[in-house]
Amino acid sequence: MDLGSDGTLRSVFWADGRSRCAYLQLCDVLVFDVTYKTNKFRMPFAPFTGVNQHLQSILFGGALLEDETTETFVWLFSQFRRCMFDRPPTAIITDQDAAICKAVGIVFPESRHRYCMWHVRKHELEHLQGYRTRFPSFDQAYRRWVRSDTPAEFEAGWANISCEFNVEARSWLWTMYNKREHWVHCYLKDTFWAGMTTTGRSESMNVYFDGYVNSNTMLNEFVAQYDRAVRAHRDVEEREDFQTMNTQPTFSGTHPIEKTAGARYTRRIFRKFQAEFIASNGCTHETLTKDACSGLYRVGQMEDDRRKWQVVQFTAYEGFRVQCSCGLFETMGVLCQHALYVLKKKKVMELSDYYVLDRWTLNVRFSVGRTRSGDSQVGTSSSSTTPLEQWNLRAKLAKVYEDGKDDPNDMATLEEFCDQFSTNVSLRRTGHTGTLPFGTPPLGDGNFSQFVRDPVGPVKTKGRPKNATRIKSEVETSNENRRKRSCGYCGEVGHISTGCAKRRLHAQSQGDSVDR
């Protein structure tokens with residue numbers, strides 16, 4: 001919590017024990033964005049979001065901010081990093097806000113930083129219209145350039161575009177070229193992004209909290225409502241866990257690779273894998289190079305233009321390795337149709353552990369080391385638990401909650417125990433020795449008795465002003481013109497004559513059809 005000298009609340013960050021544990025397991029990708037109108041003082045709400053094993057959004061923490069300056073974001077990211085055991089995310093997705101980008105570079109210098117592609121596309125509509133108007137061939141050349149397969153191809157394309165279309169220094173396009181490592185696919189396809197290219201998961205938190213918080217929510221109610229929303233979303237995750245444990249996937253055939261994937265992936269991830277596996281049936285290839293233990297192939301759909309085909313490298317030294325130029329496995333963690341086609345051609349019968357990421361299986365939440373067949377237990381390892389044991393314990397914990405929920409003292413004791421237990425588990429998993437004894441205060445400054453004042457008035461945010469001054473895109477202009485259309489019958493704005501109520505009433509009174 002960040003307080004002013006008089007005790008006025010400036011900014012506050014919070015995360016519970018389960019969120020901290022989830023971050024340790026799923027810290028490969030972090031999405032950060034700022035949303036508005038979630039509380040009475042209009043303090044920007046900043047959720048830290050990720051994606052779980054079911055491709056569902058998951059909250060790692062949240063904050064209410066005084067403003068959106070670099071200093072505030074540096075404070076927030078520092079608090080987040082400290083809370084998460086000084087473990088930075090492998091990759092982070094944000095928008096192009098200068099203050100956020102600067103703070104990311106200061107606090108998370110080890111993390112791969114990506115710009116939200118939705119915002120990039122939005123800015124393209126605003127800044128590239130002049131080029132499209134002056135040069136009819138610009139749009140096609142630009143799309144081909146940003147979709148380059150390699151950095152070398154991208155650089156060659158920039159040389160052509162900057163010369164042919166007279167790109168000025170310090171223009172938006174020139175600036176984006178200098179920041180190409182943050183948004184161009186060929187520079188980012190070597191990093192795992194869990195299939196995400198935008199901050200849409202963070203922005204979808206507005207839907208996540210629908211019915212829980214709104215622009216009239218008081219600050220003393222906000223965190224409680226936040227917790228209720230998180231608990232509801234966790235119930236959805238647990239139901240999906242249960243479905244994965246207790247349902248069998250439907251296979252498209254009998255190939256062992258598909259069966260291996262179906263046995264290990266969660267349901268949603270298996271559906272994505274299966275779509276690629278089925279698509280591989282329509283692929284063909286041409287051999288570029290080949291020897292006894294390796295090969296280089298160009299693979300694609302038979303009906304596709306060969307320029308869309310991808311290059312796949314296969315090696316068979318001590319097992320097998322396959323790598324495709326499309327980068328789907330590197331960015332999503334699921335093998336693409338091109339790689340699967342080559343594996344089937346090479347008669348590989350089983351996926352190695354290298355190509356089945358734990359983060360897309362139930363192992364990310366449950367240590368599934370033993371299974372049960374009827375009443376007998378298979379496996380004797382005492383270092384792991386079965387799904388049945390885990391669900392039994394969860395039922396007991398639910399009963400403890402029901403028994404104590406009506407007594408504030410019992411609930412406070414239970415909450416303190418749960419927070420301490422989660423912290424100790426997190427410490428062990430990160431390699432820290434020892435545990436914190438029961439009763440140890442949670443992570444924070446320890447000054448819990450300090451009087452905290454409400455923020456001073458509504459916060460001025462960077463949200464879009466009522467009267468926008470930027471150049472409007474073609475889409476916005478078209479929509480505005482559509483809204484301004486007037487009726488040819490009554491002259492009113494907002495509808496046309498075929499939908500005019502006055503015309504319909506007049507026609508009915510005349511006993512005639514509107515369309516006659």
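How many aromatic pairs does the structure hold? I found 31 aromatic pairs. Rings of Phe, Tyr and Trp (its six-membered ring) pair if their centres lie within 6.5 Å; planes under 30 degrees apart count as stacked, over 60 as edge-to-face and the rest as tilted.

**Ground rules**

I am reading a predicted model, so local features need pLDDT of at least 70 and side-chain atom pairs count only at pLDDT 80 or more, while totals for chains, interfaces and linings use all residues. Residues are numbered from 1 along each chain as its sequence is written, and side-chain values use heavy atoms, with hydrogens and water left out.

**Aromatic rings**

A pair of aromatic rings is described by the distance of the centres and the angle of the planes. I looked up Y131 and F138. Their pair is stacked, with 5.1 Å from centre to centre and 20° between the planes. Both Y131 and F138 are buried. Buried means under 20% relative accessible area, exposed over 50%, partly exposed in between (1.4 Å probe, protein chains only).

Next I took F273 and F277. This pair is stacked too, at 6.2 Å centre to centre and 25° between the planes. Both residues lie in helix 14 (residues 267-279), four residues apart, about one turn of the helix. Helices (H or I, at least four residues) and strands (E, at least two) are DSSP runs, numbered from the N terminus. F273 counts as buried because its relative accessibility is 0%. F277 has 5% and so counts as buried as well.

Which residues form one aromatic cluster? I noted Y131, F135, F138, Y142, W145, F154, W158, F165, Y177 and Y187.

I also checked for charges over rings. A charge sits over a ring if NZ of Lys or CZ of Arg is within 6 Å of the ring centre and within 35 degrees of the ring normal. R180 places its charged end over the ring of Y177, 4.2 Å from the centre. K344 lies over the face of F277, and here the distance to the ring centre is 4.3 Å.

**The open sheet**

In what order do the seven strands of the open sheet stand? I read the order as 1-2-5-4-3-6-7, with mixed pairing. Two strands pair if DSSP finds at least two bridges between them. Strand 1 (2-3) and strand 7 stand at the edges, each with a single partner strand, so one side of each has no neighbour in the sheet.

I followed strand 6 (residues 91-94). Strand 3 (residues 29-32) runs parallel to strand 6, and three bridges join them. L30 has I92 as its bridge partner in strand 6. Strand 6 also pairs with strand 7 (residues 112-115), in the parallel sense, over four bridges. There T94 stands opposite Y115. Between strand 6 and strand 7 the chain passes through helix 3 (residues 98-107), and this β-α-β crossover is right-handed. A crossover is right-handed if, with the strands pointing away from the viewer, the path from the first strand over the helix to the second runs clockwise.

Are the faces of strand 6 covered or open? Both are covered: A91 and I93 on one side, and I92 and T94 on the other, are all buried.

Strand 4 (residues 45-51) and strand 5 (residues 57-64) run antiparallel, joined by seven bridges. V51 has S57 as its bridge partner in strand 5.

**Salt bridges**

Side chains of opposite charge can pair when their charged atoms come close. I counted 17 salt bridges. A salt bridge is a side-chain nitrogen of Lys or Arg within 4 Å of a carboxyl oxygen of Asp or Glu.

E238 and R18 meet in one of them (3.2 Å, N to O). E238 lies in helix 12 (residues 219-246) and R18 in helix 1 (residues 17-25), so the pair ties together parts that are 220 residues apart in sequence. E238 is buried at 16% relative accessible area. R18 is partly exposed at 30%.

R359 forms a salt bridge with D28, and their closest N and O atoms are 2.9 Å apart. R359 lies in the loop between helix 16 (337-345) and strand 12 (371-373), and D28 in the loop between helix 1 and strand 3, so this pair ties together parts that are 331 residues apart in sequence. R359 counts as buried at 6% relative accessibility. D28 counts as buried at 16%.
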